[in-house]
Amino acid sequence: MIRHASKGLAAVLALGAVKAAGAQDMRLSRQLDAATAARVSAIVDHARAVSLPTEPLIDKALEGSRKGAQPARIVEAVSALAARLDSTRAALGAASSESELVAGASVLQAGVRSGVLRDLRVARAGKSLAVPLVVLGDLVSRGVPSDTAGALVLLVAREGLGDETLLAIQRDVQRDVREGAHPAAAAAIRARGAVSGGGTRLRPVRGPVTAGASSLAPGVASHPTSTKPLITGY
């Protein structure tokens, strides 16, 4: 009797999985032409087989459709995202959460080196990296060079400071940049202030980074910055 019940449960679960996959395929088939939907579905199926998140891939394809991207560009963007998710998992470890993988893939796209992700995992062993990675990506999107942003987030992590500190730094840098501060200088001053115990309520240097600005954070040099947002793939 128990064996029969177990078989029945397995059949129900299998049917549910088939229906879920079908629902995903339906979203693609409604928005994409048949050939593109098939190519994207193949990428999604492979990601599912190797236990990578699939929703971000589907979302990426649908985003391309909404933006009127060419079919080849949609497939390229989805494939590139799958590769970044895989690279992120290799850097962060197999037990990484979906939110960590998605945030990590975004910062890799922004130009952050995978070694920074590995160092962050070591610095915050046993803790989620979702917030540090989101903050890192946001700093880069606001014009902080990727190497500088990575060094600053690592500095904060290695000091044992938590997510609230990182979010405070993020908020202050956002405000500083809106008020005209140089992104790299603002980020360095805010991070260094948090580490030194002075909080993040320091007035950042405005205008070009001065010759001594790089001393505000160990190992952080001044770089030319870009105000371009994070690349989305389309």
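The expected span of a helix is 1.5 Å times one less than its number of residues. Helices here are DSSP runs of H or I with at least four residues, strands are runs of E with at least two, and both are numbered from the N terminus. Take helix 7 as a case: it has twelve residues and reaches 17 Å from its first C-alpha to its last, close to the 16 Å expected at 1.5 Å a residue.

Before going on, a word on the source. This is a predicted model, in which local features need pLDDT of at least 70 and side-chain atom pairs count only at pLDDT 80 or more, while totals for chains, interfaces and linings use all residues. Residues are numbered from 1 along each chain as its sequence is written, and side-chain values use heavy atoms, with hydrogens and water left out.

Now the overall picture. The protein has ten helices and zero strands. Along the sequence the pattern reads α-α-α-α-α-α-α-α-α-α. There are 234 residues, and 43% of them count as buried. Buried means under 20% relative accessible area, exposed means over 50%, and partly exposed is in between, using a 1.4 Å probe and protein chains only. The accessible surface is about 11900 Å², and carbon and sulfur atoms make up 58% of that surface. These areas come from the Shrake-Rupley method with a 1.4 Å probe, and for residues only the protein chains shown count as cover.

On contacts, meaning heavy atoms within 4.5 Å: among those with a separation of 6 or more, 67% join residues 24 or more positions apart.

Next, the cores. A nonpolar core is a set of buried Ala, Val, Leu, Ile, Met, Phe, Trp, Tyr and Cys residues joined through side-chain atoms within 4.5 Å. The largest one holds 31 residues, and those touching the most other members are Val112, Leu117, Leu120, Leu133, Leu136 and Leu139. Two or more residues come from each of helix 4 (71–92), helix 5 (98–109), helix 6 (114–123), helix 7 (130–141), helix 8 (146–158), helix 9 (163–178) and helix 10 (183–196). Helix 8 gives the most, with seven residues. Another core lies apart from this one; it has 20 residues, including Leu32, Ala82, Leu101 and Ala105.

Back to helix 7. How many of its twelve residues are buried? Ten are, so by the cut-off of under 20% the helix is mostly covered. Among the buried ones are Pro132, Asp138 and Ser141, along with Leu133, Val135 and Leu139. The buried residues of helix 7 pack against helix 4, helix 5, helix 6, helix 8, helix 9 and helix 10. Just after the helix, Gly143 takes a positive phi of about 110°.

Leu136 has 0% relative accessibility, so it counts as buried. Leaving aside neighbours up to four places away in sequence, Leu136 touches Val107, Val112, Val116, Ala149, Gly150 and Val153. Leu136 and Ala149 are 13 residues apart in sequence, and their C-alpha atoms are 6.1 Å apart in space.

Ala149 takes us to helix 8, where it is one of the buried residues. Helix 8 has 13 residues and reaches 18 Å from first C-alpha to last, close to the 18 Å expected at 1.5 Å a residue. Helix 8 is mostly covered as well, with ten of its 13 residues buried. What covers those buried residues includes helix 6, helix 7, helix 9 and helix 10. After helix 8 comes Gly160, with a positive phi near 80°.

Is Asp176 buried or exposed? Asp176 is buried, because its relative accessible area is 1%.

What does the side chain of Asp176 make a polar contact with? The partner is the side chain of Arg190, at 2.6 Å. A polar contact is a pair of N or O atoms within 3.5 Å; within protein, one must be able to donate a hydrogen and the other to accept it, and residues adjacent in sequence count only if both atoms are side-chain atoms.

Last, a loop. Ser51 lies between helix 2 (34–49) and helix 3 (55–66). Ser51 has a positive phi of about 65° although it is not a glycine. At 59% relative accessibility, Ser51 counts as exposed.
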